[in-house]
Amino acid sequence: MSDISNKFSYPLLGIDHIDRQHATFFNMLDSIAQNGSKENDTIKKLEDYLIFHFRIEEDLFKNTDYPDVDVHISQHLYFTQQVEKFRIESNFNGKFLDEKVLEFMKKWFLNHILHTDMQYKDYVDTSMEDKQAI
Ligand SMILES: [Fe+2]
Ligand SMILES: [Fe+2]
């Protein structure tokens, strides 16, 4: 399988629903970049989606032999807190998420996939998902 996917060239883990969630997050960011994010609702949706995704991932790797569970979860927590901070700030001053913030989020998420998510994929049993896909 190719490990390069869409226009952001982010790598695929080979776990279909996780790869789709990563794509959705990037698409949401892209849409905010194009349409603006004055609506606090939009940022809240992004934040909620992120929390949903992190929970799914943590459920996947928590009961495996993956050794970096705590570090991984603390990275999720850090980013969730950052995005929450951006939402509160944006709500407070009524401003759009500016380019710098969007760029930070995109880079952080990409980096996290590359260097952290990539580490758990080999510990996760995807045989059930493969069977469901047939
Ligand atoms: Fe992820
Ligand atoms: Fe992760």
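Visitor: Hi! Is V69 buried, exposed or partly exposed, and why?
Guide: Hello! In this predicted model, V69 is partly exposed because 16 other C-beta atoms lie within 10 Å. A residue needs 20 or more of them to be buried, and 12 or fewer to be exposed.

Visitor: Okay, and where is V69 found?
Guide: V69 sits in helix 3.

Visitor: What does V69 touch, if I skip residues up to four places away in sequence?
Guide: With those left out, V69 touches F61 and K62.

Visitor: How far apart are V69 and Y120?
Guide: Along the sequence, 51 residues separate V69 and Y120. In space, they are 8.8 Å apart, going from C-alpha to C-alpha.

Visitor: Let's zoom out. How many helices and strands are there in the protein?
Guide: The protein has five helices and zero strands. Starting at the N terminus, the order reads α-α-α-α-α.

Visitor: And how much of the protein is buried?
Guide: Of its 134 residues, 17% are buried.

Visitor: Which residues touch the most other members in the largest nonpolar core?
Guide: That core has 14 residues, and L46, V83, F86 and L97 are the ones touching the most other members.

Visitor: Which elements give two or more residues to this core?
Guide: Those are helix 1 (16–35), helix 2 (40–61), helix 3 (69–93) and helix 4 (99–120). Helix 4 provides the largest share, with four residues.

Visitor: Back to F86: what is it in contact with, leaving aside neighbours within four places in sequence?
Guide: F86 is then in contact with I43, L97 and V101.

Visitor: Last one! Among contacts with a separation of 6 or more, what percentage joins residues 24 or more positions apart?
Guide: For the protein, that figure is 72%.

Notes:
Residues are numbered from 1 along each chain as its sequence is written. Chains are lettered from A and ligands numbered from 1 in the order in which they are written. This is a predicted model: local features need pLDDT of at least 70, side-chain atom pairs count only at pLDDT 80 or more; totals for chains, interfaces and linings use all residues. A nonpolar core is a set of buried Ala, Val, Leu, Ile, Met, Phe, Trp, Tyr and Cys residues joined through C-beta atoms within 7 Å. Two residues are in contact if their C-beta atoms, placed from the backbone, lie within 7 Å.
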